[in-house]
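Subject: Structure handover and notes

Hi,

Here is the structure I promised to pass on. Below it you will find my notes on what turned up, with the cut-offs spelled out.

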Amino acid sequence: MTRTTDERLVHANGVQLCVRTSGEPADPGVLLVGNSLLSWPDELCDRLAAGRRFVVRYDLRDTGRSTTVDPDAPGYTLRDLVADAAGLLDALDRPHAHVVGYGPGGWIAQ
């Protein structure tokens with residue numbers, strides 16, 4: 001099976017999010033939400049992709065290569081981070097995905 005990996009900036013919910021995808025886009029999606037895309041080991045993502053899953057992981061706002069703001073006045077809420085996740089799926093033309101959260105990503109996933 002051929003597996004592809006791609007990392008790029010995606011415009012979603014009014015911000016730029018750095019996203020890395022693994023696997024075949026035709027496979028069922030899995031959105032991994034952590035602090036950053038580095039929260040998820042490559043080996044885990046590779047195994048999920050090998051199991052016929054299209055894996056999406058990304059940097060939350062203010063992490064990695066995603067949009068950053070003034071740390072003293074961030075101007076966004078947890079609801080905005082949830083909207084970012086939904087907007088990311090929309091931008092990737094994914095009508096649905098399994099969602100897995102880790103750390104603060106657990107709040108977003110819920």
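Which residue in β4 is the bridge partner of Ser22? The bridge partner there is Val55. Before I go further, please keep in mind that this is a predicted model, where local features need pLDDT of at least 70, side-chain atom pairs count only at pLDDT 80 or more, and totals for chains, interfaces and linings use all residues. Residues are numbered from 1 along each chain as its sequence is written, and side-chain values use heavy atoms, with hydrogens and water left out.

**The sheet**

Five strands make up an open sheet with mixed pairing, in the order β1-β2-β4-β3-β5. Strands here are DSSP runs of E with at least two residues, helices are runs of H or I with at least four, and both are numbered from the N terminus. Two strands count as paired if DSSP finds at least two bridges between them. The edges are β1 (5-12) and β5 (98-101), each of which pairs on one side only. On average, neighbouring strands of the sheet are turned by 25° against each other, direction ignored. That angle, like the helix angles further down, is taken between axes fitted to C-alpha atoms (for helices over the stretch in contact) and runs from 0 to 180 degrees between N-to-C directions.

As a reminder, strands of a sheet pair through backbone hydrogen bonds, either parallel or antiparallel. Both senses involve β4 in this model. With β2 (residues 15-22), strand β4 (residues 54-58) pairs in the antiparallel sense over four bridges; besides the Ser22 bridge to Val55, Arg20 has Arg57 as its bridge partner. With β3, the pairing of β4 is parallel, again over four bridges. Here Val30 stands opposite Val55, and Leu31 stands opposite Val56.

How many of the five residues of β4 are buried? Five of the five are, so by the definition used here (buried means under 20% relative accessible area, exposed over 50%, partly exposed in between, with a 1.4 Å probe and protein chains only), β4 is mostly covered. Phe54, Val56 and Tyr58 point one way from β4, while Val55 and Arg57 point the other way. Strand β3 (29-33) is largely enclosed by the rest of the structure, because five of its five residues are buried as well. Gly29, Leu31 and Val33 point one way from β3, and Val30 and Leu32 the other.

**Helices across the sheet**

Helix α1 (residues 42-50) lies across β2, β3 and β4, and runs at about 150° to β4. Helix α2 (residues 78-91) lies across β1, β2, β3 and β4, at about 120° to β1. Contact means heavy atoms within 4.5 Å.

**Cysteines**

There are zero disulfides in the structure, a disulfide being a pair of cysteine sulfur atoms within 2.5 Å.

**Rings and a charge**

A search of the whole structure gives one aromatic pair. Rings of Phe, Tyr and Trp (its six-membered ring) pair if their centres lie within 6.5 Å; planes under 30 degrees apart count as stacked, over 60 as edge-to-face and the rest as tilted. The pair is Trp40 with Tyr102, edge-to-face because the centres are 6.0 Å apart and the planes at 65°. Trp40 sits in the loop between β3 and α1 and Tyr102 in the loop between β5 and α3 (104-109), so the pair ties together parts that are 62 residues apart in sequence. Trp40 is buried, at 9% relative accessibility, whereas Tyr102 is exposed, at 52%.

Arg61 lies over the face of Tyr76, 5.0 Å from the ring centre. A charge sits over a ring if NZ of Lys or CZ of Arg is within 6 Å of the ring centre and within 35 degrees of the ring normal.

**Two positive phi values**

Asn13, in the loop between β1 and β2, has a positive phi near 55° without being a glycine; Asn13 is partly exposed, at 37% relative accessibility. Arg52, in the loop between α1 and β4, is not a glycine either and has a positive phi of about 65°. Arg52 counts as exposed, at 51% relative accessibility.

Best wishes
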